[in-house]
Amino acid sequence: MSQAVSQTVEAFRQYVREMEHYQEALSLMYWDLRTGAPKKGVPLRSEAIGTLSSAVFRMSTSPQMEEYLNTLGDPGVYNGLDPVTRAMVREFRKEFDRARKIPPERYHAYVVLVSKAESVWEEAKAKADFALFRPYLEQIVAMTVEFVDYWGYKDDKYDTLLDQYEPGMTVAQLDPIFDNLRQETVDLLNRIVATGRRFDDKRFYRGYDTALQRKLSHYLLEQMGYDFTAGRVDETVHPFQTTINHYDTRVTTKFLTEDLRSNLFSTIHEGGHALYEQGVSDELIGTGLCSGTSMGIHESQSRFWENMIGRSRPFWEAHYRYILELFPSQFADISLDDFYRSVNDVRPSLIRTEADELTYNLHIMIRYEIEKGLINGQLQVADLPAVWREKMQEYLGVTPSNDAEGVLQDVHWSGGSFGYFPSYALGNIYAAQFAHALAKDIPDYMEQVRRRNLLPIKQWLNEHIHRFGKMLEPKEIVQQVTGEAIDAKYLIGYLKDKFSALYNL
């Protein structure tokens, strides 16, 4: 590598580090907005977020960035770069080409809009009033479609949005995968419903002190291997994980005083995301590559920990005793068998984040179909409450009584995250495929879970998935870990085995 190229690489890396410093400030601002920032401060905070986001946008699309990418992207230079720098050029070129097509003033307006919209969504949800949120969502959808037109698309407008969260994924690829999973899920669900077996979980609604729930959250995260010297856990309306920087990876959870299980699985789920972020190689700090490669792969980690580990019997054989220590009176008459059945009970429900493991993907398919309709102009925002109710009844046999438990239940659309929801179902598919590979390498890993030894699992995930960050694309990760392309058969097989045993099918 010539001295001139080496100097360009160093200048490019320094430029990216500066962008990441702005992004760190933005991440902290967003975290603060969602964990208790004063309502009166939201408008001014939104302006500050807009200013900093615009600065990052300008840097990512600047003539200086273009010069770096053109110089380092030249084939004669690019092929001689180290793997990390090559991946940086690849990722920033993709972002440059996408962002350069958006007029800066439109991007600024969009950032301000979505930062305000989230607080409006919270108010609308609290009041169960979609009308409050509707004008904001209409603007967000209109601007999203506008941006898709700037970016361009080949077969389906929604493909452009899918690609932002799951690079390379298209509607043409996803529809058959979802169709197969839907058919198998509905068939299994019908067989379970036909048994007439329903677990009565009224005994679980007994009141749980928030301080003790917080203690339980810490315990669970510690057991998973979460590094509290590089993170923290807080309370929020809609649980999430955010990375401020590589050594500041934060988790939020939700405490319901009437039911402990919401906190349990929110914590484990977000903890799975955090382990991914904490497991990325230190070598990628400051490169723009120090995070998960896609939303689907990210979700595979959270869903693996939440469901395949956190809802397994071996896990609770190891940890149920701690719940009994914290809440002796509430669980005095609840056996381990009762608890295990309760956290795996199958019943169609209204709220995605509290859906059982089997029916969860049906919730995703509803959102996926609505998003495709909105982006392609086949649905209007005003139609959403009614369409939501219709699809819930059709797919799950339940109907929301108000907008809070219906169309307003998720935060995603207030942030403009169209194309994100399919990642959740893809995450379930990937998780089962990864678990199949894990079982080949560590055949007794569930016995290790029973022994309260989760470290081998965490280390395997670190080695095979986490450490690469964005160095590898999703399809490369899946191929490298499993030896094949994405395939829903492992998830279908896992669900059939688990729930056939639970329901004696």
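**Figure 1. Tyr 219 and Tyr 322, two buried residues of the predicted model, form a stacked aromatic pair.** Both tyrosines are buried, a term that denotes under 20% relative accessible area, with exposed meaning over 50% and partly exposed the range in between (1.4 Å probe, protein chains only). Their rings lie 3.9 Å centre to centre, with 15° between the planes. Rings of Phe, Tyr and Trp (its six-membered ring) are paired if their centres lie within 6.5 Å; planes under 30 degrees apart count as stacked, over 60 as edge-to-face and the rest as tilted. The pair joins distant parts of the chain, since Tyr 219 belongs to helix α10 (residues 210-224) and Tyr 322 to helix α13, 103 residues apart. Helices (H or I, at least four residues) and strands (E, at least two) are DSSP runs, numbered from the N terminus. Residues are numbered from 1 along each chain as its sequence is written. In this predicted model, local features need pLDDT of at least 70 and side-chain atom pairs count only at pLDDT 80 or more, whereas totals for chains, interfaces and linings use all residues; side-chain values use heavy atoms, with hydrogens and water left out.

Figure 2. The structure holds 31 aromatic pairs.

**Figure 3. The largest nonpolar core contains 162 residues.** A nonpolar core is a set of buried Ala, Val, Leu, Ile, Met, Phe, Trp, Tyr and Cys residues joined through side-chain atoms within 4.5 Å. The residues with the most contacts inside this core are Phe 12, Phe 304, Trp 305, Ile 323, Phe 331, Phe 339 and Ile 457. Helix α17 supplies the largest share of the core, 11 residues. Phe 12 is in contact (heavy atoms within 4.5 Å) with Met 65, Tyr 68, Leu 69, Leu 72, Met 88, Val 89 and Phe 92, leaving aside neighbours within four places in sequence.

**Figure 4. The second largest pocket has a volume of about 320 Å³.** On a 1 Å grid over the protein atoms alone, a pocket is an open set of points with protein on both sides within 12 Å along at least five of seven lines, whereas a cavity is a set of points where a 1.4 Å probe fits but cannot get out; lining residues have an atom within 4 Å of a point. Grid points are joined across faces, edges and corners, and a volume is the space filled by probe spheres set on the points. Of the 18 lining residues of this pocket, Met 308, Tyr 445, Met 446, Tyr 494 and Lys 498 lie nearest its centre. Two or more lining residues come from each of α12 (295-309), α13 (313-326), α17 (422-441), α18 (445-450) and α21 (489-503), and α21 gives the most, with 5 residues. The lining comprises 9 nonpolar, 4 polar and 5 charged residues; Ala, Val, Leu, Ile, Met, Phe, Trp, Tyr, Cys and Pro count as nonpolar, Asp, Glu, Lys and Arg as charged, and the others, Gly among them, as polar.

**Figure 5. Lys 498 is a buried residue of helix α21.** Lys 498 counts as buried because its relative accessibility is 12%. Beyond neighbours within four places in sequence, Lys 498 contacts Asn 307, Arg 311, Tyr 340, Asn 344 and Glu 357.

**Figure 6. The structure holds 2 cavities of 30 Å³ or more.** The largest cavity has a volume of about 60 Å³ and is lined by Arg 303, Asn 307, Met 308, Glu 357, Asn 361, Asn 428, Ala 431, Leu 491 and Leu 495. Helix α12 gives the most to this lining, with 3 residues. The lining of the largest cavity divides into 4 nonpolar, 3 polar and 2 charged residues. The second largest cavity holds about 40 Å³ of space, and its lining consists of Leu 181, Glu 184, Thr 185, Leu 188, Ile 492, Leu 495 and Lys 496. Helix α9 provides the largest share of the lining of the second largest cavity, 4 residues.
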